[in-house]
Amino acid sequence: MIPGSESYPFLPTNPSAGPLALMPLLPLRLELPPTSIAVVGLLDTASAINVLPYDVGLQLGAVWSQQAMTVHLTGNLASVPARGLLVTAKVGQFPPVRLAFAWSQTNNVPLILGQLNFFAEFNAYFSRSSAIFEVKPK
């Protein structure tokens with residue numbers, strides 16, 4: 001284990017697919033005062049930005065029309081409208097951090113933790129063969 005890190009198991013996204021469906025899914029708590037919710041995010045080193053499903057934003061109490069910053073998603077989400085949303089995130093026992101999300105206007109996307117700015121706040125160490133990953137604040 002990396003000193004100062006916390007370890008998590010890869011979790012199945014589809015139990016019938018066996019080991020191929022194991023993914024680095026990180027439990028965390030998101031807060032947009034006064035609301036705080038527990039979620040699970042997919043660590044995606046290939047994603048340029050963090051992406052938040054529409055329903056998760058609503059559960060946090062965010063109002064779509066009040067988010068002025070438009071975000072342009074790419075890839076298979078290129079046609080999905082998105083707005084910028086800043087929230088506080090708590091990972092394990094680490095101090096809370098501010099994360100910027102592209103709040104997508106769809107629920108057909110997992111909560112994605114990407115380069116901007118999850119991986120700017122945390123280092124991640126993957127051991128796919130052991131089905132574990134570790135997370136450590138920068």
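Trainee: Which residues is S47 in contact with, leaving aside its neighbours within four places in sequence?
Mentor: S47 touches I112, G114 and Q115. Keep in mind that this is a predicted model.
Trainee: Okay, and where is S47 placed?
Mentor: In the loop between β5 and β6, with β6 covering 50–52.
Trainee: Is S47 buried or exposed, then?
Mentor: Buried: its relative accessibility is 12%, and buried means under 20%.
Trainee: What lies 2.7 Å from a polar atom of the S47 side chain?
Mentor: That's the backbone oxygen of I49.
Trainee: Switching topic: which residues lie nearest the centre of the largest pocket?
Mentor: S47 turns up again there, along with V51, T74, N76 and L77.
Trainee: Now L43. Which strand does L43 lie in?
Mentor: Strand β5, which runs over residues 35–43.
Trainee: Why does L43 count as buried?
Mentor: Because its relative accessibility is 5%, and the cut-off for buried is under 20%.
Trainee: What is L43 in contact with, beyond its neighbours within four places in sequence?
Mentor: P24, L26, L113, F118, F119, A124, F126, F133 and V135.
Trainee: How far apart are the C-alpha atoms of L43 and L26?
Mentor: 7.0 Å, although L43 and L26 are 17 residues apart along the chain.

Technical notes
Residues numbered from 1 in each chain as written. Predicted model: local features only at pLDDT ≥ 70, side-chain atom pairs only at ≥ 80, totals over all residues. Heavy atoms only, no water. 1 Å grid on protein atoms, 1.4 Å probe; cavity = no way out; pocket = protein on both sides within 12 Å on 5 of 7 lines; lining within 4 Å. Helix = DSSP H or I, 4+ residues; strand = E, 2+ residues; numbered from the N terminus. Buried < 20%, exposed > 50% of the residue type's maximum accessible area, 1.4 Å probe, protein only. Contact = heavy atoms within 4.5 Å. Polar contact = N/O pair within 3.5 Å; in protein donor to acceptor, adjacent residues only side chain to side chain.
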